[in-house]
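Let's go through this one question by question, with the sequence and fold open beside us.

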Amino acid sequence: MIDVNNIEKSFGEVRAVAGVSFTVARGSVFALLGPNGAGKSTTINMLTTLLTPDAGHIHIAGLDVVKQADDVRRIIGATFQDIVLDRDLTGTEVLDFTGRLYGIDTAERRQRIQRLLDMVELTDAAHRLTGTYSGGMRRRLELARCLMTEPQVLFLDEPTQGLDPLHRVMIWQYIKRLQAEQQMTVVLTTHAMDEAEELANTVGIIDHGRLVAHGTPATLMRATGSERIVVTTANTDQPSRVDWREYTWVQSCDVIGTEIHIGVDRGAQRMAEILHLLEQAGVRVDEVRMVRPSLADVFLQVTGRLYRDEVR
């Protein structure tokens, strides 16, 4: 459905995107992850025709996003991080206005509005001004609005940003439903690794304008090659008492406050050895646990940045 081939984009001397290539299969969910300033937004803006690539090619459903931009816009829908709704319109009026802009006839507009309001569970609030909506309600209405045109490809930029856990799960359910029932292709950016693991069939991680990892979440997590032992110590000065670089079976080590994150080859077997070394060094351990590789670990491995620091 989406074919991105060696695209580039610069702003003056800043090379925001430096030769990115990937494909997205029809009916799949693709998550684009990366640190702030890595090139995510620039890439999405090129995919949605808002920016023109300096080099390379993008095709969506066989259409060239530069040469056939108008045709591409007719088959895509998009929501962005900033919620943009007219506070003086009701939920129904927002959807009706969108349908009018796209030339959808009255009878069809009414059918789609009712169906979408039901899907995002806003029927009871349909005749209230959107200025009275909560953040979760506005996010759901934005999703309904971009679905008014029945797009083949849906672009979601941080779709659950700022939502409470309940509304995050609701948005996840809608995305899964669109994929399952309509075979809709979804491209999302997110700062929530659990969201990418839950929704995405494939993941791309971009850093410094380049795609540094691409594959299924399971494949990427297996490729980290290590499990983590997380040790919580009693004081902030204790983790530095052991030089973990001396041990060949330690693949990585990060100290975060009072926690030591140790990447090892065989977590269950190494836990006892780690505790023994800490005891010899006089480090008091409050808690120890083993953590299987996650997308956050992949992110750290390929970008060199701790994800929790990135999103503060």
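Q: Which residue forms a salt bridge with Arg73?
A: Residues are numbered from 1 along each chain as its sequence is written, and side-chain values use heavy atoms, with hydrogens and water left out. A salt bridge here is a side-chain nitrogen of Lys or Arg within 4 Å of a carboxyl oxygen of Asp or Glu. With the closest N and O atoms 2.8 Å apart, the partner of Arg73 is Asp70.

Q: Why are Arg73 and Asp70 separated by about one helical turn?
A: Look at helix H2, residues 69–75; helices (H or I, at least four residues) and strands (E, at least two) are DSSP runs, numbered from the N terminus.

Q: Is Arg74 buried or exposed?
A: Arg74 pairs with Asp71 in another salt bridge, again with closest N and O atoms 2.8 Å apart, and both sit in helix H2, three residues apart. For burial, the cut-offs are under 20% relative accessible area for buried, over 50% for exposed, and partly exposed in between (1.4 Å probe, protein chains only). Asp71 is partly exposed at 36%. With a relative accessible area of 54%, Arg74 is exposed.

Q: Which helix holds both Glu181 and Arg177?
A: Their side chains meet in a salt bridge, 3.4 Å from N to O. Glu181 counts as exposed at 56% relative accessibility, while Arg177 is partly exposed at 38%. The pair is four residues apart, about one turn, in helix H6, residues 165–182.

Q: Why does Thr149 count as buried?
A: Thr149 is found in the loop between helix H5 (135–147) and strand E7 (153–157). Leaving aside neighbours within four places in sequence, Thr149 is in contact (heavy atoms within 4.5 Å) with Ile76, Tyr102 and Arg112. Thr149 counts as buried because its relative accessibility is 16%.

Q: Which helix gives the most to the lining of the largest cavity?
A: A cavity is a set of points on a 1 Å grid over the protein atoms alone where a 1.4 Å probe fits but cannot get out, and lining residues have an atom within 4 Å of a point. The largest one has a volume of about 60 Å³, and its lining is Thr79, Arg139, Glu142, Leu143, Leu156, Pro159 and Ile171. With three residues, the top contributor is H5.

Q: Over which residues does pLDDT stay under 50?
A: The chain's mean pLDDT is 89, and 96% of its residues reach 70 or more. Where pLDDT is low, the predicted coordinates should not be read in detail. The stretch under 50, for which the model has 12 contacts beyond four places in sequence, is residues 307–312.

Methods:
Predicted model: local features only at pLDDT ≥ 70, side-chain atom pairs only at ≥ 80, totals over all residues. pLDDT = per-residue confidence, 0-100. 1 Å grid on protein atoms, 1.4 Å probe; cavity = no way out; pocket = protein on both sides within 12 Å on 5 of 7 lines; lining within 4 Å. Points joined across faces, edges and corners; volume = space filled by probe spheres on them.
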